[in-house]
Amino acid sequence: MMLNFPIDLRSDTVTEPTPAMRKAIADAEVGDDVFSDDPTVLRLQEKTAEILGKEAAIYVPSGTMSNQIGVRLHCRPGDELICEKDSHLYNYEQGGYTQLSGVSARPIEGKEGVLKVEQLRGAIRPDDEHQTRTRLVCLENTHNRAAGRILPYDETKEICDWGHENNLRMHLDGARLFNAVVGSNISADRWACHFDTVSVCFSKGLGAPVGSALAGSEELIREARRHRKLFGGGMRQVGIIAVAALYALDNNIDRLAEDHTNAQIIADAVSSNEFLKLDSERIDTNIIFIKVDPRLGTAAQFTGALENEGVRALVLAADLVRMVTNLQVSQEAARRVADVIRRVGEDGLR
Ligand SMILES: *Cc1c(COP(=O)(O)O)cnc(C)c1O
């Protein structure tokens, strides 16, 4: 097989539709989805709901919109949500819950992205007119900033049970839920059943060009349609991209295991380089965070050296680099990246 050049590890969003996916796009049946007339979107929504064990699902343009609709479904202005300090919702969505829905956030620091129920017990505010109302807990699985960490299943269930016992709603940012499914051998519906709403992305590891979905009860998803329209996410003959998500659900879930194997190959090379260090205890799925020792150079100098070898990675801080394996990175390519990383360890940056 030919290597794709450059080998792009900046994100699992960089993948482009394959010829088979493009064929499905060309052949898609479409209709006006704001009238619920697009048969392909309806099929995608039904299939997504079925996989997640929910009554209904709604197709949306992005994971950010999916999360923000989730928050808006559960909270009213003046309410507060609890989330993990490094979560996507808290850090990478412009505080959308504040801007769009008048909701504040209470971030709590987990260990490598993982919260414990004991940390949450004191976080529900009392019924007191001085204070916001605690309404929602948002969890993220896999956890992006925690190197694609799969949340521990039993503790996750425990947090959700505790939340529900305390009249809180539970939302899952499952942008990479299918990586967690493949990595844990726990089905998507077993993860999803503990949450009121679940967001999944088709445009990450699954390799579709566009789109996410929010799943939940019939009643919540009916309401979600209103919020989607408000946020400008009502789309017309959108079966043309929804079909790529359907294709991805049919063809690209099981193969995520290859991305996980490839991430491990790269992580092993990182561990063998005395100037580089994994920024997490272990790699569960497809995301690798690398700390660059200043004796080697800055993160930007390190990625510059990689770029000269045809490898692209993302600089996230002066000493921090991220690599994400994806369906355009073959095992051969991952081995090549590992070789480059080892060589940089032996020879330093040039
Ligand atoms: C990518 C991502 C999202 C949403 O991404 P969009 O770029 O808006 O589709 C949400 N949560 C997590 C954890 C993500 O990695």
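## Where α8 meets α12

Let's start with two helices that touch. On the α8 side, the residues involved are Phe178, Asn179, Val182 and Gly183, and they meet Leu256, Ala257 and His260 of α12. Sorted by class, this contact has four nonpolar residues, three polar ones and no charged ones. Keep in mind as you look around that this is a predicted model.

How do the two helices cross? Two packed helices are described by the angle between their axes and the distance between the axes. For α8 and α12 the angle is about 80° and the axes are 9 Å apart. That makes α8 roughly perpendicular to α12, because angles from 65 to 115 degrees fall in that class.

## The surroundings of α8

Helix α8 covers residues 177-184, and its buried residues are Leu177, Phe178, Asn179, Ala180 and Val181. Two of these, Phe178 and Asn179, also turn up in the contact with α12.

What covers the buried residues of α8? Helix α12 (256-272) is one part of the answer, and the cover also includes helices α2 (39-52), α9 (188-192) and α11 (239-251). Strands β6 (169-174) and β7 (197-201) are among the covering elements too. Just past the end of α8 comes Asn185, which takes a positive phi of about 60°.

## The seven-stranded sheet

Strands β6 and β7 belong to an open sheet of seven strands, in the order β2-β8-β7-β6-β5-β3-β4, with mixed pairing. At the edges stand β2 (56-60) and β4, and each has a single partner strand, so one side of each is left without a neighbour in the sheet. On average, neighbouring strands are turned by 20° against each other, if you ignore direction.

A helix also packs on this sheet: α7 (residues 153-165) touches β5 and β6, and its direction makes about 145° with that of β6.

## Strand β3, between two partners

Is β3 enclosed or open to the outside? Look at residues 79-84. Six of the six residues of this strand are buried, so β3 is largely enclosed by the rest of the structure. In a regular strand the side chains alternate between the two faces of the sheet. In β3, Asp79, Leu81 and Cys83 point one way, while Glu80, Ile82 and Glu84 point the other way. Residues on both sides are buried.

Which strands does β3 pair with? One partner is β5 (residues 133-140), joined to β3 by five bridges and running parallel to it. Here Asp79 stands opposite Arg133. The other pairing to look at is with β4 (residues 104-108), also parallel and also joined by five bridges.

## Two aromatic pairs

A search of the whole structure finds two aromatic pairs. In one of them, Tyr59 and Phe202 are tilted, with 6.2 Å from centre to centre and 40° between the planes. This pair links distant parts of the chain: Tyr59 sits in strand β2 and Phe202 in the loop between β7 and β8 (212-216), 143 residues apart. Tyr59 is buried, with a relative accessible area of 0%, and Phe202 is also buried at 0%.

The other pair is made by Tyr153 and Trp191, whose ring centres are 5.0 Å apart and whose planes are at 70°, so the pair is edge-to-face. Tyr153 lies in helix α7 and Trp191 in helix α9, so the pair ties together parts that are 38 residues apart in sequence. Tyr153 has a relative accessibility of 14% and counts as buried, because the cut-off is under 20%. Trp191 is buried as well, with a value of 1%.

## Ala224 in helix α10

One more residue is worth a visit. Ala224 has its place in helix α10 (residues 218-230), and it is buried, with a relative accessible area of 0%.

What does Ala224 touch? Leaving aside its neighbours within four places in sequence, Ala224 is in contact with Ile58, Ile69, Leu73 and Leu214. The chain also brings Ser66 into this picture: its C-alpha atom and that of Ala224 are separated by 9.2 Å, although the two residues are 158 residues apart along the chain.

Note on methods. Residues numbered from 1 in each chain as written. Heavy atoms only, no water. Buried < 20%, exposed > 50% of the residue type's maximum accessible area, 1.4 Å probe, protein only. Helix = DSSP H or I, 4+ residues; strand = E, 2+ residues; numbered from the N terminus. Contact = heavy atoms within 4.5 Å. Pairing = 2+ DSSP bridges. Axes fitted to C-alpha atoms, helices over the stretch in contact; angles between N-to-C directions. Parallel < 35°, antiparallel > 145°, perpendicular 65-115°, else oblique. Nonpolar A, V, L, I, M, F, W, Y, C, P; charged D, E, K, R; others polar. Phe/Tyr/Trp six-rings, centres within 6.5 Å; stacked < 30°, edge-to-face > 60°.
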